[in-house]
Amino acid sequence: MRTGRVRSGGPGEECSEMAGGANLEAQLCSEQFGSGAARGCLAAADGSLQWEAWEWRWWGLSGPCPGRARGRDGGGGGTPGTASPRLSGLLVVFLPQGFPDSVSPDYLPYQLWDSVQAFASSLSGSLATHAVLLGIGVGNAEASVSAATATWLVKDSTGMLGRIIFAWWKGSKLDCNAKQWRLFADILNDVAMFLEIMAPIYPIFFTMTVCISNLAKCIVSVAGGATRAALTMHQARRNNMADVSAKDSSQETLVNLAGLLVSLLMLPLVSACPSFSLSCFFFLTALHIYANYRAVRALVLETLNEDRLRLVLKHFLQRGEVLDPTSANQMEPLWTGFWPSLSLSLGVPLHRLISSVFELQQLVEGHQEPYLLHWDKSKSQVQVVLSQKAGPETILRAATHGLVLEALQGDGPLPRELEELRNRVLAGADKESWVIIKETHQVLDKLFPKFLKGLQDAGWKTEKHQLEVDEWRATWLPSPEKKIL
């Protein structure tokens, strides 16, 4: 029998003693909430169940239990194993169920920076709205209601047309470069708000200025909404896209509500001084762009697009190692259109590349894989015709093949076989590009399986990709069996 003694410690010591005593007796059962610490259940002397106390844990920070847990539910409150009661209520309202295990590891840093940029954008938007209302005549006794209505209708109709045209023009490209388009959309939104603030200064151009601004905002709406959906697919890890999207909307609503309250205090201070209003706008814009950059840079996408594939392949050819997703995402360029690259077109129509039987035979020669590749060295352009049988792995190999040809025109160390081909390309020894294409096929037969396995071992998802691929597919007679080096 255990003798009694006076305890001088607090709840933590009491909890530790209880845990030590639990080790002396066999547990009847245990339970665990998500990735939280498990708690056991013992049989009490009166035949009831005695549950161990929960340890609180909040985003990886753990602490001792607050007191002895007895009874049917152990006396603990709130979400078990995740947080203290007050914090657990916030987690349930604003974070997806099962956080952090139900979302990607980059979810929290992205959402924190995204909230900062949303707050800055909300304040900037208040300044822009104030300027637009001032420009259409709110508060001016001489202003015409009909003229203000007409201006508003023209502004909205311009934006609607722009929304449709942009979705048709760039809609298929948004998935491939979600991070770049996300950043582009937010910067364009800042430009649109700047135009709205400047519009009342030049009344003669007011209608044209707000129309251009609304056109930009509608483009932002399409690009931002589409890329947000693509990022939600990345963040959702338990088929919980709806939950992740809903909680993101709740977070944004909370941030916008806070921005609204701050705007109510800010607008009376800046309305009397246009220069101070403009200074506040520039400060908020700088904060908005910086927070957006940090948010997008925090993302770690495990699927390959053209930029990430180029970075990973270049590192593999030069060092024989495959970059992991975290390293490659940190190195990925975020400014769309400013990255020098080969013009790589996947899924082009066959009729674009050939006009005679001889050209078809020349194109097919040496191709045993379910794709045909045409390389224009002078234009640094690679066009790939895909077979009906081409799957994700074939498309990945075709893109890799095109980027290998790009490497032959660049600098930096290469494997021996490719180094010899590069010397011939730079010397102009082979004027016909199909000769080089045929030989790179043979090199890739040995190189690509190692590269693919390296991608999978490093954590890349090779069963899907974010390469831009058109819908054209073709069939052709196979070429004679190729010679092995």
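User: Which residues of helix 8 are buried?

Analyst: This is a predicted model, and in it the buried residues of helix 8 are Ser-277, Cys-280, Phe-281, Leu-284, Thr-285, His-288, Ala-291, Asn-292, Ala-295, Val-296, Arg-297 and Ala-298. "Buried" here is under 20% relative accessible area. They pack against helix 3, helix 5, helix 7 and helix 10.

User: Which residues have the most contacts inside the largest nonpolar core?

Analyst: Val-384 and Leu-418, in a core of 42 residues. Helix 12 is one of the elements supplying at least two residues of this core, and others include strand 8, helix 13 and helix 14.

User: What is Val-384 in contact with, leaving aside neighbours within four places in sequence?

Analyst: Its partners include Leu-344, Leu-346, Val-348, Tyr-371, Leu-373 and Ala-398; contact requires heavy atoms within 4.5 Å.

User: How do helix 4 and helix 6 pack?

Analyst: Their axes are 8 Å apart, at an angle of about 35°, and the crossing is right-handed. Among the contact residues are Val-154, Met-160 and Phe-166 of helix 4, with Val-210, Leu-215 and Ile-219 of helix 6. By class, that contact has 12 nonpolar, seven polar and three charged residues.

Conventions: Residues numbered from 1 in each chain as written. Predicted model: local features only at pLDDT ≥ 70, side-chain atom pairs only at ≥ 80, totals over all residues. Heavy atoms only, no water. Core = buried A, V, L, I, M, F, W, Y, C linked by side-chain atoms within 4.5 Å. Buried < 20%, exposed > 50% of the residue type's maximum accessible area, 1.4 Å probe, protein only. Helix = DSSP H or I, 4+ residues; strand = E, 2+ residues; numbered from the N terminus. Axes fitted to C-alpha atoms, helices over the stretch in contact; angles between N-to-C directions. Left-handed = near helix turned anticlockwise from the far one by under 90°. Nonpolar A, V, L, I, M, F, W, Y, C, P; charged D, E, K, R; others polar.
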